[in-house]
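Please find below a note on the fold and on a few side-chain contacts. The sequence and the structure are shown first.

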Amino acid sequence: MSRLELHACPPGGPAQEPGQRPRLITFYKNGDRSFRGKAVRIPARRYLSLEALLAELSRWVPLANGVRRLYSPRGGRAIRSLAELRDGHGYVCAAFEPFRGGRYGPEPPGAAASRT
């Protein structure tokens, strides 16, 4: 084996710390109630910065100017670092526009029946 082979990352990316599992996060499109969201597994060391994650999200969430900002779905608080992203939660992707409130994610059971 060459030295390069000994230090190369496995095909799936860098190895995870023992006991750490990837966070599963769902990303939604700002103001688009018909966009069901894109669920993404985020390994602990895959993205070194929020900007790297935003660049990757630009490939998955169709926005004209790419994904430039993330917001919490309730209240529209701006996400400024990877550490703020919580496993199992959802976040809203936006380009340069401000957060647009609304319901993001699946509707609770019985919500459709209550509107009729």
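**Note on the sheet and its contacts**

1. Strand β1 (residues 23–29) and strand β4 (residues 90–94) pair in the parallel sense over four bridges. Helices (H or I, at least four residues) and strands (E, at least two) are DSSP runs numbered from the N terminus, and two strands pair if DSSP finds at least two bridges between them. Opposite Thr26 stands Gly90 in β4, while Phe27 stands opposite Tyr91 in β4.

2. The model is predicted: local features need pLDDT of at least 70, side-chain atom pairs count only at pLDDT 80 or more, and totals for chains, interfaces and linings use all residues. Residues are numbered from 1 along each chain as its sequence is written, and side-chain values use heavy atoms, with hydrogens and water left out.

3. Strands β1 and β2 run antiparallel and are joined by five bridges. Here Phe27 stands opposite Lys38 in β2. The charged end of Lys38 sits over the ring of Trp60, 5.7 Å from its centre (the criterion is NZ of Lys or CZ of Arg within 6 Å of the ring centre and within 35 degrees of the ring normal).

4. The four strands form an open sheet in the order β2-β1-β4-β3, with mixed pairing. Its edge strands, β2 (38–42) and β3 (69–71), each pair on one side only. From one strand to the next, the twist averages 35 degrees. Helix α2 (residues 50–60) packs on the sheet and touches β1, β2, β3 and β4, its direction making about 90 degrees with that of β3. Contact means heavy atoms within 4.5 Å; axes are lines fitted to C-alpha atoms, for helices over the stretch in contact, and angles run from 0 to 180 degrees between N-to-C directions.

5. Three aromatic pairs are found in a search of the whole structure. The ring centres of Tyr28 and Tyr104 are 6.2 Å apart and the planes are at 45 degrees, so this pair is tilted (rings of Phe, Tyr and Trp, the last by its six-membered ring, pair if their centres lie within 6.5 Å; planes under 30 degrees apart count as stacked, over 60 as edge-to-face and the rest as tilted). Ring pairs link Tyr28, Tyr71, Phe99 and Tyr104 into a cluster.

6. Tyr28 counts as buried at 8% relative accessibility, and Tyr104 is buried at 11%. Arg36, in the loop between β1 and β2, counts as exposed at 78%. Buried means under 20% relative accessible area, exposed over 50%, and partly exposed in between (1.4 Å probe, protein chains only).
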